Amino acid sequence: MDQRLKDLTRGYRERMNRLAIFEPLYELDRKLGKDQRGNPIDWFSLGLLALLFFFESMLTRRRQTSVRDLAQYLQAVNATGPIASDEAGFLKMAREIIETFRDASGKKKEKSFYNWETRRREQIYYSLLEVRESNLAQNIQYYRLTERGLELIFATKEYYSEFHLSINQLVLRKQLEKGELNGALREIDEMSIAVEELRRKMLQLNHEVQRNIISHETQSKYVKMLDEIHARLAREHEEFNELHGFVLETKKKFEYELHSEKERRAYGLLIEIAKELEMVHHQHRTLLDESISLKRKAMQAARESLYHAGLTAFNFNQDITSRVMTSPLPTLAVQGLVRPFLGPHLEKSWSPLEVFAPQRLNKAGAEEEWETGYFPEAATDLDEESFFLCQRANYKAIAGFIRELMGERTLIELSEVAAALGQQEDRRHWLEHRSFYDFWLLLHQYSPVKAAAGNREDRAANLLDEIMASWPEALAIEVQEKESLLQPTQRYEIQEMILQVRMKPDAISQ
Amino acid sequence: MQFHSDDIEQAFRVLVHLIQRGKVAEEEEVFRSYLTSSEVRSLIDSFAAETDSVIIKTSEHLFLLPKSGQSIFHVKNAYIRREYFGHQATNLDIYMMYFCIIVLFGAFYDSYETSEATRDFLPLGEWLVQIRERMDTLREHGPEKLAQLEQESEWNWSSVIEYWEALDDLKETAKRQDSKQQSRLGFLKRVIRFLKDQDLVLEQGNDELVLTEKAKIIIQRYFMDLEYNRGILAFMYQYDQVKGNE
């Protein structure tokens, strides 16, 4: 056969895929409903209207659109005809439409066709509506369009959804140039849907990658898809940047011409646009990051699949469920089959030694009670590695500061340190931080602190070593409390303390 | 193979996490030790095999799944009876529940064409219908055959059938259908509670159920894995053999 004729069927499934989603509308068209005056209802156009309504509620970011909302809308547009019905009638219509878009049995819509490219029968599964969230108490479901549903909406306009965002950006720019600010805002809303749709697509891709054992071909398919998404995101990102610059420029231009009420209103709108645009842009940017991590995950999944081999055909209903019932297998076998679904079991046990453990009468959570009577623990949370490292760095900085402040002296009071800190612009915030007070408490608690012996194990000691490191020639540091109370900041109150450094004898003589 | 004691410690830490919660998420530190060190990984895998479980790794989670058959990590029947079915419950309730669960997953994965689920959700009514159909299949074996089979080993199907028959679809006199009632719907509600606690299904209102990601991963990564699938088939086949020999 001619090569050209052979290529004719290329991408047959993809084309079919685009066509299949129109079917629910024709399905609606076959309905034979009549309104209360006996006139036939045009279900086909009513269906499209419903889709547009769901699209609109996505545009306005209304999260909750239930069957009742749709019914109210239908009633409102038909207030002057052509469909005559009452509230209950419209509710029934709305319900029928929703059920056509989203089968009440839960089955996905299925389109079975003969694929001329692969020469076998194939199926396409899709659904147009999905439940976004639900109110279990009142038993209300809120719907939104699925990715395929959006595709259907876009198919009724002249452009492809892949270029949706770019076209939006283009239109927005034109509108801004012409000063059609109201339209511009709507354009941004549409963009935000496109971004949201992209996010959902990526999430779904992520799930698919997670739960499938990927063969080499599928892996390359996913990677190709991800590459495409990434390229698209990168392109759009650039356009966003440009657009953003343009909006800022327009805003600046406006700033000089704020004379009339009208201009002022336009300026307000422009600010709104800039804000919204930034939000969409931000969402878009996070997608760019996500696409990179998604690619990493796909790679990982592929690596993982080296260890496994997946089944090409498995039908749980036929292979497992039917088998159990028709053989039949013993009930015990059913238990065995359910096992993988149920998590591991933890036996709860109790040790008799618990009897000798300290028995507390107070409730759980009030365990600090036990430790009172001792000096308030200055070095809490030290078991957390990150906290500990942070604290160590803080103490080092504080000790270094005090050392600097003291110069050749060997005595200093807390109040002096606090006052000095308060005068330094870049260090004033130290006083707001708990570390500063913990520092003094810790020194006081362990006073006198001797020079590091180098073999201390616990973390508090490790902190003390860090502090001592600021006074390499010191023999010990002593901190004693005085009578008066200090309040360096609103939040903290601490007793006045005096810090004394005792030098090593040879250090003094030098 | 020689292992460093550090590796063994790390493997143990991961395992304890897994046993406690059944899964480890990507953000947790132990996840990384499984990922980066092949020693730790092979240790954990062999520990898991020792307890008749498998480790399923996705790029976001690690799961510890008891294998089909008799794994010691499986939730104890006594615990399920106590938590979900009250004092008078017997193992019959549990078998009935397992039966329903198998039917539920079958309803979602019903195609050789695709490895993805063929439905978005399952309405409660549809679930009931499918259970009834399966019950009918069982009943077709006839009481004699079922009774005869029962003598041979632990075959309780006729009592399961009786159990289900004795229940009404729902209590018509009751205002609300909830899990406390002795009806099929009430029973299913209890099963749903169990499945929700196990993080396998979610309710989305209007008496519709959806599968969680965890459930999908178990089916698509465990049941559809060639190796494990062979194990499952062998497990089922073993019972067919019992029947064949006698």
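Two residues are said to be in contact if their C-beta atoms, placed from the backbone, lie within 7 Å. This is a predicted model, in which local features need pLDDT of at least 70 and side-chain atom pairs count only at pLDDT 80 or more, while totals for chains, interfaces and linings use all residues. Residues are numbered from 1 along each chain as its sequence is written, and chains are lettered from A and ligands numbered from 1 in the order in which they are written.

**Figure 1**
Helices (H or I, at least four residues) and strands (E, at least two) are DSSP runs, numbered from the N terminus. Chain A has 18 helices and eight strands. A residue counts as buried if 20 or more other C-beta atoms lie within 10 Å of its own, as exposed if 12 or fewer do, and as partly exposed in between. Of the 510 residues in chain A, 27% are buried. In α11(A), the buried residues include L270(A), I273(A), L277(A) and V280(A). Also buried in this helix are H284(A), S291(A) and K297(A). The buried residues of α11(A) pack against α9 (181-211) and α10 (216-255) of chain A. The expected span of a helix is 1.5 Å times one less than its number of residues. For the 44 residues of α11(A) (residues 261-304) this gives 64 Å, and the end C-alpha atoms are 64 Å apart, which agrees.

**Figure 2**
Two strands pair if DSSP finds at least two bridges between them. Strands β1 (residues 109-115) and β2 (residues 120-126) of chain A are joined by seven bridges in the antiparallel sense. One of the partners is I124(A) in β2(A), which bridges to K111(A). R119(A) lies in the loop between β1 and β2 of chain A, and its phi is near 60°, a positive value in a residue other than glycine. R119(A) is exposed, with 8 other C-beta atoms within 10 Å.

**Figure 1. N139 in a loop of chain A.**
N139(A) is placed in the loop between β3 (129-135) and β4 (140-145) of chain A. Although N139(A) is not a glycine, it has a positive phi of about 60°. N139(A) is exposed, with 10 other C-beta atoms within 10 Å.

Three strands of chain B form an open sheet in the order β1-β3-β2, with antiparallel pairing. β1 (23-25) and β2 (53-57) of chain B stand at the edges with a single partner strand each, so one side of each is left without a neighbour in the sheet. Axes are lines fitted to C-alpha atoms, for helices over the stretch in contact, and angles run from 0 to 180 degrees between N-to-C directions. With direction ignored, neighbouring strands of the sheet are turned by 10° against each other on average. Three bridges join β1(B) and β3(B) in the antiparallel sense, and K23(B) stands opposite F63(B) in β3(B). Helix α1(B) lies across β1 and β3 of chain B, at about 115° to β1(B). Helix α10(B) lies across β2 and β3 of chain B, at about 110° to β2(B).

**Figure 2. The sheet β4-β6-β5 of chain B.**
This open sheet of three strands has the order β4-β6-β5 in chain B, and its pairing is antiparallel. β4 and β5 (201-203) of chain B stand at the edges, each with a single partner strand, so one side of each has no neighbour in the sheet. β5(B) and β6 (residues 208-211) of chain B run antiparallel and are joined by three bridges. In β6(B), L209(B) is the bridge partner of E203(B).

**Figure 3. Two packed helices of chain B.**
Helices α5 (residues 91-108) and α9 (residues 184-197) of chain B pack at an angle of about 75°, with their axes 10 Å apart. Angles under 35 degrees count as roughly parallel, over 145 as roughly antiparallel, 65 to 115 as roughly perpendicular and the rest as oblique. The two helices, α5(B) and α9(B), are therefore roughly perpendicular to each other. M97(B), C100(B) and I101(B) of α5(B) meet L188(B), V191(B), F194(B) and L195(B) of α9(B) in this contact.
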